[in-house]
Amino acid sequence: MGQFTSKCHGLGARFSNNESGPPMYSSHQFSGNSMRDRNLQVPPTIVVSDEDSCTSERRGSRAELRRPSLYSNMDLVPQLENYASTLPRQQARSRPSLEALRRAFEEVEGGDGTTNTDSGSLHGPDIGNEESQDSQTKAPVRFGWLIGVMVRCMLNIWGVILFLRLSWITSQAGILLTCVIILMSVVVTSVTALSISAIATNGRVVSGGAYFMISRSLGPEIGGPIGVVFSFANALACALNTVGFAEVVRDLMREFNVVIVDSINDVRIVGVITVTVLLLISVAGMEWESKTQILFFLVLLVSFANYFAGTVIPPSLEKQAVGVFGYRGDIFLENLTPNWRGAEGSFFQMFSIYFPAAIGILSGANISGDLKDPAVAIPKGTLLAIFFTTLSYLGVSITVGACVVRDASGKMSDYFTGNITDGCVGLGCKRGWNFTDCIQSQSCEYGIANSPKVLGQVSGFNYLITAGVFAASLSSALGFLVSAPKVFQCLCRDKIYPYLIFFAKGYGKNDEPLRAYLLCYIISVAFILIAELNFIASLISNFFLCSYCLINFSCFHASITNSPGWRPSFQYFSKWTALFGAVISIVLMFLFTWWAALATFCIIFFLFGYVNYNKPKVNWGSSVQAGTYNMALSYSVSLSGVKDHVKNFRPQCLALTGPPNQRPALVDFVGAFTKHISLMVCGDIIMEEDRKTRLQDATDGLVMWMNKRKVRTFYTPFTADSLRAGAQHLLQASGLGKLKPNTLVLGFKANWRESAPESIEDYINTIYDTFDSNYCLCILRMMDGLDVSNDFESGVNPGFESDEPVEKDDQHEEEPADDVSGEGNADQIKTVFQNDQGKKTIDVYWIADDGGLTLLVPYLLTRRKRWSRCKIRVFIVGDEQNMEEGRNEMIALLKRFRLEFNDVIVMTDSEKRPQAKNMSRFMDNVAPFRLYDEQQEGASVQELRQSAPWKISDKELEAFKLKSERKVKLNEIIRRYSQHAALVLVSLPVPHSDCPSALYMAWLDTLTYGLHCPIVLIRGNQQDVLTFYCQ
């Protein structure tokens, strides 16, 4: 019918309405009237095609597909934009909620047939680019696998060790053991490279390299320390290669009789100047740094060709004087076996000196943020770099061992003609050279055992090898100088260590970490001033081995946790090889330099402790979280098969706190005797009418509030029509297996006299249900009430909340909670249970034998530091005649329980009549709930009973008169003895089935009346929780 075409820089799109397919819209804005065409049978879609003339800025972008699914116009097909939330600086497109989809029929089908789920649907985020498109004029530089990874890794592996130490290691360890050292290093690095490849292909890797991989796999506790150590190790590696370069420059200057100060200070001066120049190149940007590295790579290739060509060129007399004789079988056999010399002459010492040659395998991963496709580039480039550099190291070691003797004098006068070999020592004798004097006096300056310039002497043109040394050392130093700040910047941006955030700032289109560059420069200069190559090499080996250990362990741990999120596209790895790599790395650390290994681990543990204490607010879905879940699940399942035993009884509490930040005293009380001991669940019964007004993130806010308060608890919200209905469901469904509550904790309903009768009935029935469920029960009453949400009555559960005001002192010190979200410091109100109780008493009125819970709870409280100095007094019922006997029996029982409660008081007047004024107060409390049926006519009495079944009849009041008097009397005793106690616990009377709810509520009020300290009504389920037997 019609066609609309738009082009912009080669980007074309078509809109057509034909029968061959769905309509297609341009990505530019135009009239949407055609979208309302009712004759369109297929939902709309957007198709954008790239043409050859499209600019490079748009090439990485993706067209947005807004195609609805078959089910609904609002229910869209899967699209990449919805999964962008894990990318830095990207905003994920939100999917329609389930509620929106459920309403879609009324809102969409009843409308014009179209739904705009996102006002910016035609202008979504560009997922194809790693960086946000703030600068459209000049895109950041991105590298492929060849330049970005393979060449970079090869340059860092071809460092100063290759040119300055490999020939010396060959002379010490021999060709065989040198090859073993190289291959052992390759095993460690190859296994680590496989682990890196697996981690790098398990999702998108941004900047940060090895630190990013370890931290996102093992979490911030391990990632943070290794990020600091790894950044420091890269700075040391920069210093190592710079010192190697400075040594070569110093020796070159000596050939021309140029000395600045002396041999050591010349290395320092040249090293500082060199690292300063490298810093300027790095600061110039990754593009300049990459071009410089390519130049170094070409120089190295020429240098290698020059060396191998020199091994086949017949040596001149000058070369023979320094021990170079070309390929000779006897020289090869002589150098095949080790010849240890000096204090450093051992296999593992040689290994530790050589190992820094292998540390460059992470160079590509360290600039992962500057790679086009890290998931492809890192595995391919790293493994190929290891393969080619291994061949080069083996080739150099074997050829130099086959061409050069260990000792030579370098003096032309040692050459002789004829067959005079009497008294001649060494392989040079067979070729007309007598190096006996320097060999016996150990003063030889040439040969692979003495000269670091052997490779130049063997090569066809010496100065090309010098250029190779320059290229190898400078390229490695430059690579590490770039890697260290990139890793450190990523670490600082994660805000794991707050004091390092200053170094997180980036500059320019490539987000260059200039501040981190300066810090790395200072560290490098500090170690360049040491000017000792072997010492720096030993330190670096430990730091990098520690990094390799954690990389391999990250891969192993992610594999064994069986997390569904562990899906690396690189499949050529094994969790067991990763574990082997982790173990062998630790072993090598201690075999190389044990004191450096200990120092490294001490630094790691210190940094780990800091991060673990601060608990950074990050969530990376680490394998540690997956492992924790697996362990918890496994232990929970195994615990289900264990039968309950009285010795292992723990009060596992379900506390009906409502929103926990509104009743902090109840939370703190339960947490005081359950933390690190048993289970605690905060149950929040949300009334149906309050559910719609509740904030969506209220649960997360309350969990944050509890975590900030350091309460070890679970939070379980439940929507119900009433307190009783919600409590019934929580009593039945809370917990998992054996991790199930056995004790219900309630707040006391202090406003019961003003509450609706149904509310009292609901509260008392909850207590009935608790005992019916065979739960223990605790009811906490505070003098000033539990609820601190005076301004938010909608959040108050009318089933058991107090209307009494909060203590004025607390209100003055801290503002009360503003909402149920739990955010901020305003609602972290300090309660009496957070105070140090000093030497006060905890008074236990053990009126009824409930199995021992009444004694166990105060004992658990005294194990806390705040309550540890409190003295526990136990009050029991007795008579005057047998008072001492009863007291002694109780003391004996308490000693058998090993509770160390020695203060037992016998109440001999508990059965006496209470004072008239107290009894009068009790009668005044129940007066509004009485029927007064004896004063009414028969018909009206029946009507009253039907309309108000919760009221107390005169007959019931008389029947329970004695029990009521005893409750009043017990309260008198409690007020007499416990006015200054820190806490009072009283055995809770079990309600009779025929006791009116209002009367039972009056009993609870009477028992807890008139005390300034917290008082707990407690009752076990009549099953033993204490025992004095061993089995």
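Which helices are among what covers the buried residues of helix 17? Helix 6 (220-255), helix 7 (263-283), helix 16 (462-493) and helix 18 (533-560) are included in that cover.

## What you're looking at

This is a predicted model, where local features need pLDDT of at least 70, side-chain atom pairs count only at pLDDT 80 or more, and totals for chains, interfaces and linings use all residues. Residues are numbered from 1 along each chain as its sequence is written, and side-chain values use heavy atoms, with hydrogens and water left out.

The protein chain has 34 helices and 15 strands. Both are DSSP runs numbered from the N terminus: helices are H or I with at least four residues, strands are E with at least two. Of its 1031 residues, 52% count as buried. Buried means under 20% relative accessible area, exposed means over 50%, and partly exposed is in between (1.4 Å probe, protein chains only).

Now take the contacts in the chain with a separation of 6 or more: 78% of them come from residues 24 or more positions apart. A contact here means heavy atoms within 4.5 Å.

## Back to helix 17

Helix 17 covers residues 514-528, and its 15 residues should span 21 Å at 1.5 Å a residue; the end C-alpha atoms are 21 Å apart, so the two agree. The expected span is 1.5 Å times one less than the number of residues.

Its buried residues are Ala 516, Tyr 517, Cys 520, Tyr 521, Ser 524, Val 525, Phe 527 and Ile 528.

## Where helix 4 meets helix 19

The axes of helix 4 (residues 160-200) and helix 19 (residues 575-592) come within 9 Å and cross at roughly 135°. That's why helix 4 counts as oblique to helix 19. Axes are lines fitted to C-alpha atoms, for helices over the stretch in contact, with angles from 0 to 180 degrees between N-to-C directions. Under 35 degrees is roughly parallel, over 145 roughly antiparallel, 65 to 115 roughly perpendicular, and the rest oblique.

Helix 4 brings Val 187, Val 188, Val 191 and Ser 195 to the contact, while helix 19 brings Thr 577, Ala 578, Phe 580, Gly 581, Ile 584, Ser 585 and Leu 588.

## Two residues with positive phi

Most residues other than glycine have a negative phi. Lys 495, though, has a phi near 60°. Lys 495 sits in the loop between helix 16 and helix 17, and it counts as exposed because its relative accessibility is 54%.

Glu 900 also has a positive phi, near 60°. You'll find Glu 900 in the loop between helix 29 (883-896) and strand 13 (903-907); at 71% relative accessibility, Glu 900 counts as exposed.
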